[in-house]
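Subject: Structure handover

Hello,

Here is the structure I promised to pass on. Please open it first, then read the notes below.

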Amino acid sequence: MNLLCCRATGKLTDLLVLSDWESCKTWSKKSLPLSATQSLDLKTDLERDHHRLTCLSICLDLVKRCSLLYRDLPSFTVILQPIKTLLSKHLTAQTIPAALQELHKEILETIDSAPVAHPRLVFEKKKPIPLKLLTPKIVEVLDYGKKRGCTREEKEKERLKHKYKKEFKGALRELRKDSRFLAREKLNEVVQRDTERKRKVKELFGSLASQEGEWKALKRKKRK
């Protein structure tokens, strides 16, 4: 039976796995000298298993001391939650020697008995704020969606504005008519000037042709 029952996820996850479960029967709790961190002379599997159990014993003892020392902190249960999960799910009491089962039990009891100093977060209770109730202002609306003034001054202002827009549109319409008339008259003048110029050019060419004919006739008479 293995010391750790969690699934291996790396090449060093079997450091605390016992080679033989019978090693637990011959192991006894003892302190670990400081020189053991520098050099170890473990020749047999039994010695290596005893060393693994000693390391586990020291780790559990340190966890117990920290639990007793910091159990009054508000964040104690949150900090120790991963250790509690490890001891309750992956390193259960059935997977460790009888000499460490009592220490395992005391650590879990210390974590569970720690007071919870902070309450759960809840929404703050507030009295609902009532909506503002306003008296509606009723105004007369025209067919095209614009509101009409309520007072005499507003009505007169709307009337003058409407009259101004109407007269402005009429003035624009008259200006467009005048512009079209002026453009048409200017075009007629241009056409008349072109027609007169063509007529004069035609008369000039006719006069020149007549003079040329008379000159040729006079020239023939002189030869005779």
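**Salt bridges**

Arg-159 forms a salt bridge with Glu-156, and their closest N and O atoms are 2.5 Å apart. A salt bridge here is a side-chain nitrogen of Lys or Arg within 4 Å of a carboxyl oxygen of Asp or Glu. Both Arg-159 and Glu-156 lie in helix H6 (residues 152-223), three residues apart, about one turn of the helix. Helices are DSSP runs (H or I, at least four residues), numbered from the N terminus. Arg-159 is partly exposed, with a relative accessible area of 43%. Glu-156 is partly exposed as well, at 35%. The cut-offs are these: buried is under 20% relative accessible area, exposed is over 50%, and partly exposed is in between (1.4 Å probe, protein chains only).

Before the rest, some ground rules. This is a predicted model, in which local features need pLDDT of at least 70 and side-chain atom pairs count only at pLDDT 80 or more, while totals for chains, interfaces and linings use all residues. Residues are numbered from 1 along each chain as its sequence is written, and side-chain values use heavy atoms, with hydrogens and water left out.

By the salt-bridge rule the count comes to eight. Arg-199 and Glu-203 are four residues apart in H6, so about one helical turn separates them. Arg-199 is partly exposed at 39% relative accessible area. Glu-203 also counts as partly exposed, at 47%. Salt bridges that share partners join Glu-196, Arg-199 and Glu-203 into one network.

Arg-65 counts as exposed, at 55% relative accessibility. Asp-61 is partly exposed, at 22%. As background, an α-helix has 3.6 residues a turn, so residues three or four places apart point the same way.

**Helices H2 and H5**

H2 has 26 residues, which at 1.5 Å a residue should span 38 Å; its end C-alpha atoms are 38 Å apart, which agrees. The expected span is 1.5 Å times one less than the number of residues. H5 (residues 98-112) has 15 residues. H5 reaches 22 Å from its first C-alpha to its last, close to the expected 21 Å.

Which residues of H5 are buried? They are Leu-100, Leu-103, His-104, Ile-107, Leu-108, Thr-110 and Ile-111. Seen down the axis of H5, these residues fall within an arc of 160°, so they line one face of the helix. The arc is that of the directions from the helix axis to the C-beta atoms. The buried residues of H5 pack against H2 (45-70), H3 (76-79) and H4 (81-90). Contact means heavy atoms within 4.5 Å.

The buried residues of H2 include Asp-49, Arg-52, Leu-56, Ser-57, Leu-60 and Val-63. What covers the buried residues of H2 includes H1, H3, H4 and H5. Ser-57 is one to look at: it lies in H2 and is buried, with a relative accessible area of 2%. Leaving out residues up to four places away in sequence, Ser-57 touches Trp-27, Lys-29, Leu-100 and Leu-103.

**Core and loop**

The largest nonpolar core has 18 residues. Such a core is a set of buried Ala, Val, Leu, Ile, Met, Phe, Trp, Tyr and Cys residues joined through side-chain atoms within 4.5 Å. Leu-56, Leu-60, Leu-87, Leu-100 and Ile-107 touch the most other members. H2 and H5 are the elements that give two or more residues to this core. H5 gives the most, with five residues.

Ser-28 sits in the loop between H1 (23-26) and H2. Ser-28 is partly exposed, at 47% relative accessible area. The C-alpha atoms of Ser-28 and Ala-99 are separated by 7.8 Å, although these residues are 71 apart along the chain.

**Confidence**

The mean pLDDT of the protein chain is 78, and 81% of its residues reach 70 or more. pLDDT is the predictor's confidence in each residue, from 0 to 100. Confidence is lowest in H1, at a mean of 72, and highest in H6, at 89. Where pLDDT is low, the predicted coordinates should not be read in detail.

Best wishes
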